[in-house]
Amino acid sequence: EEARSVLHCGIGGGIIPRVLHELTSATSHCLEIEPEVLAAAQTHFGLQLDGRCTAGVADAAAHLSHRARGIQCAPEDGQSQRLDVIIVDCFTANGLAPAVAGGELFPHLASCLCEDGVCLLNHFAPSAAAERAETSTLMAQLCECFDAVYSLQVRSSQNVIAVCHHGPPRDAAAWAAQLAPTLERAASLCPDVTTRQDW
């Protein structure tokens, strides 16, 4: 709830930015590479754009690369505009977007995240052995770019959310204490979706 700036890479139905807009005071910007997907989020899923929730048709990998270069070149004046939260949900018809599956995006995510920010990256963890190996590689690549990486498995689907941040890892008790009120609130809003924390 303390987050001020949220970047959504991949919009899907626009449910996450819509919920954040309704329940928090954060400012969200959404990047979606397919104009039809962005249009559908607005037309069919109730995503409303205004001063606190904006969106554009863009390639997230290119956007973050450009943004990271600007941050790295910015003077130490506090105006580098690092982000509090980055949510990555980038898929194609064939699975994870290539920039995510290949790890190209991860250094840019790390550069664009503020010191106490959090990056949430959605990926699948299916049962096939080859795809499990791909997931392990992805998690290892994230560990090269962030100080701490955790996983949250969504029980109602094959989605796994990688939770990444800078700084020392938090222990399970600290995470559980911080997340408990939010998870209870989420469960009351969406009782059919539950998570298992693999700390």
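The protein chain holds seven helices and ten strands; helices (H or I, at least four residues) and strands (E, at least two) are DSSP runs, numbered from the N terminus. The structure is a predicted model, in which local features need pLDDT of at least 70 and side-chain atom pairs count only at pLDDT 80 or more, while totals for chains, interfaces and linings use all residues. Residues are numbered from 1 along each chain as its sequence is written, and side-chain values use heavy atoms, with hydrogens and water left out.

**The whole chain**

Begin by colouring the chain by pLDDT, which is the predictor's confidence in each residue, from 0 to 100. The chain averages a pLDDT of 84, and 84% of the residues score at least 70. Where pLDDT is low, the predicted coordinates should not be read in detail.

Of the 199 residues, 35% count as buried. Buried means under 20% relative accessible area, exposed means over 50%, and partly exposed lies in between (1.4 Å probe, protein chains only). Among contacts (heavy atoms within 4.5 Å) between residues at least 6 apart in sequence, 63% join residues at least 24 apart.

**Asp-84 in strand S4**

Next, select Asp-84, which has its place in strand S4. Asp-84 counts as buried, at 8% relative accessibility. A polar atom of its side chain lies 2.8 Å from the backbone nitrogen of Arg-4, and the backbone nitrogen of Ser-5 lies 2.9 Å from a polar atom of the Asp-84 side chain. Leaving aside neighbours within four places in sequence, the residues in contact with Asp-84 are Ala-3, Arg-4, Ser-5, Leu-113, Cys-114, Gly-117 and Val-118. Show also Glu-2: 82 residues separate it from Asp-84 along the chain, yet their C-alpha atoms are separated by 8.8 Å.

**Ser-28 in strand S2**

Move to Ser-28, in strand S2. Ser-28 is counted as buried because its relative accessibility is 3%. Its side chain makes a polar contact with the side chain of His-8 (3.1 Å). A polar contact is a pair of N or O atoms within 3.5 Å; within protein, one must be able to donate a hydrogen and the other to accept it, and residues adjacent in sequence count only if both atoms are side-chain atoms. Beyond four places in sequence, Ser-28 is in contact with Val-6, His-8, Leu-20, Arg-52, Cys-53 and Thr-54.

Ile-16 counts as partly exposed, at 43% relative accessibility. Apart from neighbours within four places in sequence, Ile-16 is in contact with His-8 and Ile-87. The C-alpha atoms of Ile-16 and Ile-87 are 9.2 Å apart in space, and the two residues are 71 apart in sequence.

**His-165 in strand S9**

Now select His-165, in strand S9 (residues 159–165). Its relative accessible area is 5%, so His-165 is buried. The side chain of His-165 makes a polar contact with that of Tyr-150 (2.9 Å). Setting aside neighbours within four places in sequence, the contacts of His-165 are Leu-113, Gly-117, Phe-146, Asp-147, Ala-148, Tyr-150, Arg-170 and Trp-175.

**His-108 in helix H5**

Select His-108 in helix H5 (residues 106–112). Not counting residues up to four places away in sequence, His-108 touches Ala-61, Leu-64, Ser-65 and Ala-68. Between His-108 and Leu-64, which are 44 residues apart in sequence, the C-alpha to C-alpha distance is 5.7 Å.

**The second largest pocket**

Finally, turn to the second largest pocket, with about 400 Å³ of space. To locate it, select Glu-32, Ile-33, Cys-90, Phe-91 and Ala-97, the closest to its centre of the 23 residues that line it. On a 1 Å grid over the protein atoms alone, a pocket is an open set of points where a 1.4 Å probe fits, with protein on both sides within 12 Å along at least five of seven lines, and lining residues have an atom within 4 Å of a point. Grid points are joined across faces, edges and corners, and a volume is the space filled by probe spheres set on the points.

The elements that give two or more residues to this lining are strand S2 (27–32), helix H3 (60–73), strand S5 (91–92) and helix H4 (98–101). H4 supplies the largest share, three residues.
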